[in-house]
Amino acid sequence: MGKFQFNQEAVYNLKIEDTSILDRLVDFESARQAHLKKDHAKVDKRMSLKDAIATFVADGDCMTDSGFAYVRTPHQAYWEIMRQGKKNLQCIAAPNTNHSFLIFNDTCGYSHNSYVGVEMRGIDRNYDRMLRAGRVKILSEWSHGGVALGLKAAQLGAPGVFSKQMLGSDILKYNPYTKVMQNPMRDDPDPVVFIPALYPDVSIIHCQVADKYGNGYIYGPSVNDVATAAAARKLIITAEEIVPESDIRNRQGTVIPFFYADAVVELPFGAVPGNMPGYYYWSRQWWEKLIRFGCASDENLKVFFDEWVHGVKDQFEFVDKLGGARWIAEARIQTKAAEGDHEDIDFTYEEFTKTHESGLYY
Amino acid sequence: MKDLSAPANPLEMLAYILAQQIHDHKIVYIGTGIPMIAGILAHKTHAPNITMVYESGGQDPLPKDLPWSVGCPFTWRKAPVVMEMAYSFAQCCNGFVDIAFLGFAQVDMYGNVNTHQIGKDLLHPTVRMTGSGGNNDLSSLTEEVVLVGVQTPDKFVRTVDFITSVGHLTGGNSRKEAGLVGKGPIAVISQCGEFDFDPTTKRMRVKSLMPGWTLDFTQQFTGFELLKPEGEIPQTPVIPDDILRLLRTEVDPRGVFTTMPTA
């Protein structure tokens, strides 16, 4: 059985027989030891994506998503994890739907949920099918803010935080990590939720630029990524460009310190087919095809991933399929226009529908 | 091509009413979908000085196209600050945000929201939906919450299948007793009209009804007994032609959120 005093109601409701599977996410001592054992030397950590995934993502690891939904998310690294056939990952789906596809690939077996879906394009029918078919086991339910606070507590070096989120909801009945307590500073009744510091095994964070040591610069929403980088036992930094250290020193903004990183991967187009702020817009039609065609059935999704994940060797082949140089040019203009750094453009496009496929991905 | 002179459809009427909940100079927390339309419509009409904030961290972006994700560039376009997500929610708790707009798959008579699932069993749902995202955080922390969605007896239910976000919990003082911050839901907006909550029991009450909707007809679209206001039920204001045109040409020209779904 697990080492920790989990919320027994949630353990019961989730039918978790052996709670040791929950331990790693809140095991501060082992995270601290992992951080102490890293090579703290400022050395060149560059390697290929294949090597980084093979070395630092192990079967059974608890992995966090990073970026936001389809913004600065390391999709290409996730595809490589799928291609390498990793097994039994626990994925923290905050704030993301992406692990749903790892479940379909039998790569992810366990799910910590705060959001599953594709926002305005609706519910994720694949996750729904995977859950009902018993191909994924839910280990905890959260709100986005609840997960964010757990990761932030780890970054703060605190055992946890007290929160006002999730109180009274059914989420807490399915979260073994949280406990409702009385605020110790008050005499009158004041329920609060204790959210423990969360320590994922591995995180992959895609940055606009990084240096070879692993200082990673983020532009646009950093969401939970700085906290995640500090908390994770293992950290892979992927970046659109590897720049000289002096370049990072001259930038102001969000930087993940090099000593968190285990591997640095130069990965242009690492967030494709999502949006990379400053670099490229998301491929709207690709996501529409995934959601409207791919997620409609297991058969469709197999066809879709055989083509887009297993049928390509790397992100360059992926970009070629999206339209190559033309896609790059369009996607760059689109993201700059969206950010207010390009003359206004018309965002009209030919939507993918079940009855209309233009073959265009920009 | 869209017919600009067609009568307003229910989603357009709903977007207008939602926009009316936004008062100028306030800080407004915007979720995905119709709330984005309402925020931008309000900004272009009666509330040009509102500040919109988003959960992925964008604070006070320059409005432009409709965001397709709460993390997309339109939610942080030239924003002076892009915060980490934990801080972005914390602002609601700390009293900096006036009002939040949230969607639902099911809502009950106390304004409790379900975005998790249809069916009672989390491990074996009839349909699994999104789960919380930021819905719970905003509902738990923001001073005022407005709920928006389509009304059917399956969506306005006596008991939600899963309480994702607490509204007024079991009514009366129960929200406060559970430890939550803020007033909870102050309004629910649907294609049928506007609803508020009785100050004492915290049960959902009709505030006004859209043209053509009677109380009896609305009740048939509701899975619990609606409370009635004193006196005659007012009609919900209709979207004026010039604002409808603005909605169709400038706010949602492609009809992303304001096109009625077809079979």
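Analyst: A:Pro191 lies in strand E7 of chain A, which spans residues 191–196; helices (H or I, at least four residues) and strands (E, at least two) are DSSP runs, numbered from the N terminus. Please keep in mind that this is a predicted model, where local features need pLDDT of at least 70, side-chain atom pairs count only at pLDDT 80 or more, and totals for chains, interfaces and linings use all residues. Residues are numbered from 1 along each chain as its sequence is written, while chains are lettered from A and ligands numbered from 1 in the order in which they are written.

Around this strand there is an open sheet of three strands in chain A, ordered E5-E7-E6 with antiparallel pairing; two strands pair if DSSP finds at least two bridges between them. Strand E5 (160–163) and strand E6 (179–182) of chain A are the edge strands, each pairing on one side only. E6(A) and E7(A) run antiparallel and are joined by four bridges, and A:Gln182 stands opposite A:Pro191.

A:Pro191 counts as partly exposed because it has 16 C-beta neighbours inside 10 Å (20 or more would be buried, 12 or fewer exposed, with C-beta atoms placed from the backbone). Leaving out residues up to four places away in sequence, A:Pro191 touches A:Leu167, A:Val180, A:Gln182, B:Ala178 and B:Gly179; contact here asks for C-beta atoms, placed from the backbone, within 7 Å.

Those partners from chain B bring us to the interface: 50 residues of chain B are in contact with 53 residues of chain A. Helix H3 (85–93), strand E9 (127–128) and helix H4 (135–141) of chain B each give two or more residues to that side of chain B.

Note on methods:
Contact = placed C-beta atoms within 7 Å.
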